[in-house]
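This briefing goes through one protein model by topic. Keep the sequence and the 3D view open while reading.

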Amino acid sequence: MGHDDDFAFSELSRPGSAGSMHAQLDEIMASRDQMARLLRVIVGLASDLDLDATLHRIVTAAMELTGARYGALGVRADDGRLLSFVHSGIEPATAELIGHLPVGKGVLGVLLDHPEPLLLDDLGAHPAAVGFPEHHPPMGAFLGVPITIRQKTFGSLYLTEPTAGPVFTESDEAAARALASAAAVAIDNARLFDRVRMTGEWMEASRSITTALISEAGPVDRPLTMIAEQVCALTGSEQAIVLVPSDADLPADEVDTLVVSAAVGLSADEVMGQRVPVEGSTTGGVFRSGTPLLTESLRHPIQAFTDVGQRPAIVMPLRARRNQTLGVLVVARNQRDTPFDGSLLDLVSDFADHAAVALVLAESREQARQLSVISDRERIAHDLHDHVIQRLFAAGMDLQGTIARSRSPEITRRLSRTVDELQGTIDEIRSRIFALQSPVPEAGLRERIQDAVAALTENRDIETTVRMSGPLSVVDGEVAEHATSVVSEAVSNAVRHSGAEHLVVAVEVADELTVDVTDDGCGIDAANPRRSGLTNMRRRAELLGGGCHVDAMPDGGTRVHWFVPLDRT
């Protein structure tokens, strides 16, 4: 043998040398197996473009590569907190006992703030460790690697409790880093696909809302509720509400109160009709500024909506034009749900803008339809007046001339009766003409009440005040017709019989429609239904599931209180 052969043989002959070589060979083989598994995992990551499924596959793949008993992936929010936390290895029952998921404090937060690989033999020994909550399984060895997408930290991959040994090896760290790099590409592709899919869903929702609101099939029942339902479903929210000004005729800078006019989801019935001041409230601030907002708490709690504590919410103005805000849309998730992603704000904003424009177009179309109806009624009224009445009047004049020349009492009586019938027909046609020239039944409650009060108090020596509040536009035609008749009856009684000097008519829309007519006169005779009209007013209320009360005021006068529910489904 040569000198080199003798040296190699002597090295192999040293105690422990063969065992060391076997260990090195085993490590090389293990690394080779780990690399093969890594390649298979990387190929498998692209098998699905669903983001949630991709995140779960990354966690389970990292656990398989490193032999970790527990694994997790934390997604970083813009403010540095954990936006979401996907984990594996902990049984669902144990996770339920542990409670809230991590928010990015302790060692987990170190990787979010300083995106560098972190290898620890003992997780609890790190200076940033804050301990584990009750029921949390013990965790010692720790391996964390950041996931970076387009030079921006997306989140971190966390692994603990290796099953092959007491600590993670450098080979485990290299495999986890390689997986994180491949995961970044898979996550980026899944996010882009998710964005395209979501954009398509929001565009379809905008199209369906616009089609429904401006369809020629007629007006849509509760369009604000339809908008709230779409946004609630698309954002995965627990609740959604729409608030509108209490007086829609006021300029935006003079509106001081918003009213919940549509609510869907949990406790919707309790939320409906609640009033929120513009000054000092989050919704009021968005209404005035027209600027969307992501928040976790509203400054003015709304019972059964945001009074349960902090929760993720989007507050969005309904803007038809830059200087015209119709109302405010608010969607809220459960306290335990993932906060809203900032990228969602643009999608909701575009949808809200389209919905607001559709509302304005639908209102304009309805106004045009009403103008067309009015025009047709005016034409019919003119035709009746100019042609039919004139011909009937001429026929009556001829009959009266015949009566003057008649010598038979029987013929005179018959002709006189015919003339009277013609006159009755003329009077009936004139009343129909008056009805045709009156406002169409679809006129809003505000206009009906104002016209009725003005007609009854004009040229009367009585000071009249009319107050109306709430979203009057939600009152349908049937209820508006009954309410107008009640106001007419109550005002007529006050004007004709009470001798009052002051009269106040108050109409309010919240969860029910209330009408209060108060005067300072001598009062009305509640025992005489033919005079007071109380029987008729009560009947109208009962037909709609409401009631009517007449009370004497302490200082004199009478108050008629009439109320009906608005939701009679």
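The model is predicted. It has 569 residues, of which 42% are buried, and its secondary structure comes to 15 helices and 16 strands. The whole structure holds 12 salt bridges, 3 aromatic pairs and 0 disulfides.

**Whole chain**

- The protein exposes about 30,900 Å² of surface, and carbon and sulfur atoms supply 53% of that area.
- Among the contacts with a separation of 6 or more, 62% are between residues 24 or more positions apart.

**V491**

- V491 is part of helix α13, which spans residues 477–498.
- V491 counts as buried because its relative accessibility is 0%, and the cut-off for buried is under 20%.
- Leaving aside residues up to four places away in sequence, V491 touches V453, L456, T457, L503, V505 and V517.

**S246**

- S246 sits in the loop that runs between strand β6 (239–245) and strand β7 (257–265).
- With a relative accessibility of 8%, S246 counts as buried.
- Not counting residues up to four places away in sequence, S246 touches D256, T257, V259, R275, S469, G470 and P471.
- R275, one of the residues that S246 touches, also takes part in a salt bridge with E508.

**Aromatic rings**

- A pair of aromatic rings is described by the distance of the centres and the angle of the planes.
- In the pair of W202 and F351, the ring centres are 5.5 Å apart and the planes meet at 70°, so the pair is edge-to-face.
- This pair links distant parts of the chain, with W202 in helix α6 (residues 170–213) and F351 in helix α10 (residues 343–405), 149 residues apart.
- W202 and F351 are both buried.
- F85, F142 and Y158 are linked into a cluster by ring pairs.
- The ring of F305 has the charged end of R311 over it, 6.0 Å from the ring centre.

**Salt bridge E173–R177**

- E173 and R177 form a salt bridge through their side chains, at 3.9 Å from N to O.
- Both residues belong to helix α6 and are 4 residues apart, about one turn of the helix.
- E173 is buried, with a relative accessible area of 19%, a value that falls under the 20% cut-off.
- R177 counts as partly exposed, at 46% relative accessibility.

**Salt bridge E508–R275**

- The side chains of E508 and R275 meet in a salt bridge at 4.0 Å, N to O.
- The pair links distant parts of the chain: E508 is in strand β13 (residues 502–509) and R275 is in strand β8 (residues 275–277), 233 residues apart.
- E508 is partly exposed at a relative accessible area of 33%.
- R275 is partly exposed at 36% relative accessibility.

**Salt bridge E410–R413**

- E410 forms a salt bridge with R413, in which the closest N and O atoms are 2.4 Å apart.
- Helix α11 (residues 409–437) holds both E410 and R413, which are 3 residues apart, about one turn of the helix.
- Salt bridges with shared partners join E410 and R413 to R414 in one network.
- E410 has a relative accessible area of 35% and is therefore partly exposed.
- R413 has a relative accessibility of 49%, so R413 counts as partly exposed; the cut-off for exposed is over 50%.

**Cysteines**

- A disulfide is a covalent bond between the sulfur atoms of two cysteines.
- How many disulfides does the count come to? The count comes to 0.
- C522 is exposed, with a relative accessible area of 64%.
- C548 is buried, with a relative accessible area of 8%.

Conventions. Residues are numbered from 1 along each chain as its sequence is written. This is a predicted model: local features need pLDDT of at least 70, side-chain atom pairs count only at pLDDT 80 or more; totals for chains, interfaces and linings use all residues. Side-chain values use heavy atoms; hydrogens and water are left out. Helices (H or I, at least four residues) and strands (E, at least two) are DSSP runs, numbered from the N terminus. Buried means under 20% relative accessible area, exposed over 50%, partly exposed in between (1.4 Å probe, protein chains only). Contact means heavy atoms within 4.5 Å. Accessible areas come from the Shrake-Rupley method with a 1.4 Å probe; for residues, only the protein chains shown count as cover. Rings of Phe, Tyr and Trp (its six-membered ring) pair if their centres lie within 6.5 Å; planes under 30 degrees apart count as stacked, over 60 as edge-to-face and the rest as tilted. A charge sits over a ring if NZ of Lys or CZ of Arg is within 6 Å of the ring centre and within 35 degrees of the ring normal. A disulfide is a pair of cysteine sulfur atoms within 2.5 Å.
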